[in-house]
Amino acid sequence: MSQSIQFSTPSRTTHLLHLPQSRFHRPLTSFSFRQFPLTSSVKYTSIRASSSPSPSPSPDLDSSSSSSQVLHSPNGTGAVRAEERSVVATAVSTDTAGIEVDTVTEAELKENGFRSTRRTKLICTIGPATCGFDQLEALAVGGMNVARLNMCHGTRDWHRGVIRSVRRLNEEKGFAVAIMMDTEGSEIHMGDLGGESSAKAEDGEIWTFTVRAFDSSRPESTISVSYDGFAEDVRVGDELLVDGGMVRFEVIEKIGPDVKCLCTDPGLLLPRANLTFWRDGSLVRERNAMLPTISSKDWLDIDFGIAEGVDFIAVSFVKSAEVINHLKSYLAARARGGEIGVIAKIESIDSLTNLEEIILASDGAMVARGDLGAQIPLEQVPAAQQRIVKVCRSLNKPVIVASQLLESMIEYPTPTRAEVADVSEAVRQRSDALMLSGESAMGQFPDKALTVLRSVSLRIERWWREEKRYESTPLQAIGSTFSDKISEEICNSAAKMGINKNSASFVSSKTKSFVFFSHFYQIQKLAANNLGVDAVFVYTKNGHMASLVSRCRPDCPIFAFTTTTSVRRRLNLQWGLIPFRLSFSEDMESNLNKTFSLLKSRGMIKSGDLVIAVSDMLQSIQVMNVP
């Protein structure tokens, strides 16, 4: 048996529900309740609001002998007219080719059931260690949801080859790996190290940082710098931080375009690493503030990403929302339907200062802790991370925690216990995704690093459920239109389903009115966690409804059904979403029967599973057992 609630905006219906004025003063516009069993031939009773209540004996909802019936509230007032009709559902084919789902997730569901699925998504930076097709497949099998391309490294031809390998992997192996292109940004960077993959700076060594370009091979212990004014701006005694402090130097001498530096903290130098310099304990940021967020090279890379159809573009060193809005306008004019998401990298003081407006303008955010830790005191990074995650969650934007999660695994096969604790904290904060950088791009053990992320995520998520650590902090309302507010209420309800056998109430964020329904579910707290729902089904065209459910972090997995491959890939970044590609209509009964048939034939669900279904087409919510 299914319980269904369907909302619609005033333009779609003329019916209003009238309730006793002695108890409620203002009705919620356009509300209908429908109850039906889901079978191949569906017969259900539709109960719609009537403008003129009239007393009548309570009807038998299963009776088919009367064409017009009246449903009463228990006190004998506020009755609504009900008409019974039969609907024959469209025959559903059992052809399993009608639905596309990630092969690894499908295997997990078959083997371990709903609760075994990982909710936290995993991103791998692709580099020399992982750019081959077999290596990419190993990462996808290991749980990679998004492949990141760092435009600081490699040529566009190299990146094109990786993109096409990922696309081939998706087409041939049944994955839905999304592609994120990360721009270089116009902050001060090191050069390419003369083609070397890395260089080791030892304690006490003297290195030369120069703005000169070398026609021949790079002189020993010499590094080129991308910023022409570097030698002018730096002073003797300044502290130079490489890659967010992974290596530290002290400026000891300036000779024309060359700056002599003493290594005080040894470490590995990587090509195109970010450079910052500190003076008297404070970050020198005047010159960086004058540099544009998106450089001329970045714009060429963005055009390349548009041409190759990447799913996300991550913008480095975002200072304000203006650059995000500018890029999104550019993408809307040039990309196919503006289908590329923009991720703001929070890695500077300016980013933190304008955090809310930046995240609101973007399609997601990345906590780039490496560079962020070079601009704020290290002890402030954990608090900044927690703030960024909280703001993203509140504004319904996916958030990625990145940088140095398992840094030691670049060289060693096992992580430090502190790194495992760091990963655990990011999962506990309910971040959407975790990202590997050098660990997967150039590390010696990329598969093992990914396995660590996956196993730690699964364990912390299971612990969270076992301890019943459900959040009580309400999420702020974000809907701007009446229709958006309804969608938001529906998704909040789907994630918070609870049973109240005596009455139910729904609060409209627009009208602040209450609607009373006896003997039905408490609509405001339709809690999947409390009801023990096995899964939430979301039918969405653009992915927005699925993201609203994901924002609530329900205990059960979220099956997100969409009609387009590109939306399916983008949904693979968000917490708890299992994206499917499925053709569906606005007939929810037909959609559900089709979905049940296809998933049951593949062994992904079984009869008796309890499911909540929501849709952004009809703005409806339904609770049912799989037939």
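Predicted model: local features only at pLDDT ≥ 70, side-chain atom pairs only at ≥ 80, totals over all residues.
User: Which strands close into the barrel, and in what order?

Analyst: Eight strands form it, in the order β7-β8-β9-β19-β20-β21-β22-β23, and their pairing is parallel. From one strand to the next, the twist averages 25°.

User: How many bridges pair β20 with β21?

Analyst: Strand β20, residues 341-346, and strand β21, residues 364-368, are paired in the parallel sense over four bridges. Within this pair, I343 has G364 of β21 as its bridge partner.

User: Which strands does helix α7 lie across?

Analyst: Helix α7, residues 321-334, lies across β19 and β20, and it runs at about 160° to β20. Helix α3, residues 156-173, lies across β8 and β9, and its angle to β8 is about 175°.

User: Changing topic: where is R279?

Analyst: R279 belongs to strand β17, which covers residues 275-279.

User: Is R279 buried or exposed, and why?

Analyst: R279 is buried because its relative accessible area is 17%, and the cut-off for buried is under 20%.

User: What does its side chain reach?

Analyst: The side chain of R279 reaches the backbone oxygen of D233 at 3.0 Å. Apart from neighbours within four places in sequence, the residues in contact with R279 are D233, V234, R235, D238 and V284.

User: And the rest of β17: which residues point which way?

Analyst: L275, F277 and R279 point one way, while T276 and W278 point the other way. In a regular strand, side chains alternate between the two faces of the sheet. Five of the five residues of β17 are buried, so the strand is largely enclosed by the rest of the structure.

User: What joins β13 to β17?

Analyst: Strand β13, residues 239-242, is joined to β17 by four bridges, and the two run antiparallel. L240 has F277 in β17 as its bridge partner.

User: How do β17 and β18 pair?

Analyst: They pair in the antiparallel sense over two bridges, with R279 opposite S282 in β18. The two strands form a hairpin with two residues between them, and D280 in the turn has a positive phi of about 55°.

User: One last topic: why is α17 described as largely enclosed?

Analyst: Helix α17, residues 544-551, is largely enclosed by the rest of the structure because seven of its eight residues are buried. These buried residues are M545, A546, S547, L548, V549, S550 and R551.

User: What comes just after α17?

Analyst: Just after the helix, R553 takes a positive phi of about 50°.

Conventions
Residues numbered from 1 in each chain as written. Heavy atoms only, no water. Buried < 20%, exposed > 50% of the residue type's maximum accessible area, 1.4 Å probe, protein only. Pairing = 2+ DSSP bridges. Axes fitted to C-alpha atoms, helices over the stretch in contact; angles between N-to-C directions. Contact = heavy atoms within 4.5 Å. Polar contact = N/O pair within 3.5 Å; in protein donor to acceptor, adjacent residues only side chain to side chain.
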